[in-house]
Amino acid sequence: NLDQLPRANGPFGPGSVGYLEDTGFPEHDTDKAKDLLAQYEEETGEPLEFTFTVQNTPDVVASAQLVQSQVAKVGARVNIDPVEQATLINLAIAGDFQALSFRNHPGGDPDLQYIWWHGGSITNFNKFDDPEINALLDEGRAEPDPARRQVIYEDINREFAKEVYNIWLNWTVWAIGTATNVHGIMDTPLPGGQEPFPGLAVGHSLAGTWISD
């Protein structure tokens, strides 16, 4: 159920370095969207219409249909183009799309996102080249202090919200099923006292896991 997924306001979900409860990402504003649409039509002489390329799976297509219905409310048209995953990846790398849905940024150390966001990277799919994000990524990669790194990636989060390079949909909810006698799956502190990252997409350590009789 799409209504049960936490709405995202940036690339870093709760528990990630760089997470902010309020990133400054624009709020939903139907009236402003209609004004901008009218401005587009006046300048171009045609209604706004674009193709939304997505992976051809039921959940992703359902998300695209939600976007399609929301955009229709302001008078624009979205054409959904479902493709297989390999095709989606090739189109993303080539930049051959108008709008494209991609699940990414699963958490963990935010330096893992360097190749996705640094200007000139082949996996920077929408080809933005933001000097501030480039500099912050380089700074975060070289900074050993956890508190300083938190500030650096918070600044990246705010820059994404300001420039709206990506439109964030939702954070994914993960779960682990265990027997009642299995303990320490996610709540074992890391060396130095840091809390472990609560997400599962990049895996989680079993170093503190134990089984009772």
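## Helix 1 and its ends

Asp-29 caps the N-terminal end of helix 1, with a side-chain oxygen 3.3 Å from the backbone nitrogen of Asp-31. Helices here are DSSP runs of H or I with at least four residues, strands are runs of E with at least two, and both are numbered from the N terminus. This is a predicted model, in which local features need pLDDT of at least 70, side-chain atom pairs count only at pLDDT 80 or more, and totals for chains, interfaces and linings use all residues. Residues are numbered from 1 along each chain as its sequence is written, and side-chain values use heavy atoms, with hydrogens and water left out.

Helix 1 covers residues 30-44, and its end C-alpha atoms are 21 Å apart. Gly-45, with a positive phi near 75°, follows helix 1.

## Aromatic pairs

The structure holds 10 aromatic pairs. Rings of Phe, Tyr and Trp (its six-membered ring) pair if their centres lie within 6.5 Å; planes under 30 degrees apart count as stacked, over 60 as edge-to-face and the rest as tilted. Phe-128 and Tyr-165 form a stacked pair, 4.3 Å centre to centre with 10° between the planes. The two residues are 37 residues apart and link distant parts of the chain.

Phe-128 counts as buried at 7% relative accessibility, whereas Tyr-165, at 24%, counts as partly exposed (buried is under 20% relative accessible area, exposed over 50%, partly exposed in between, with a 1.4 Å probe and protein chains only).

Notes:
Expected span 1.5 Å × (residues − 1). Polar contact = N/O pair within 3.5 Å; in protein donor to acceptor, adjacent residues only side chain to side chain.
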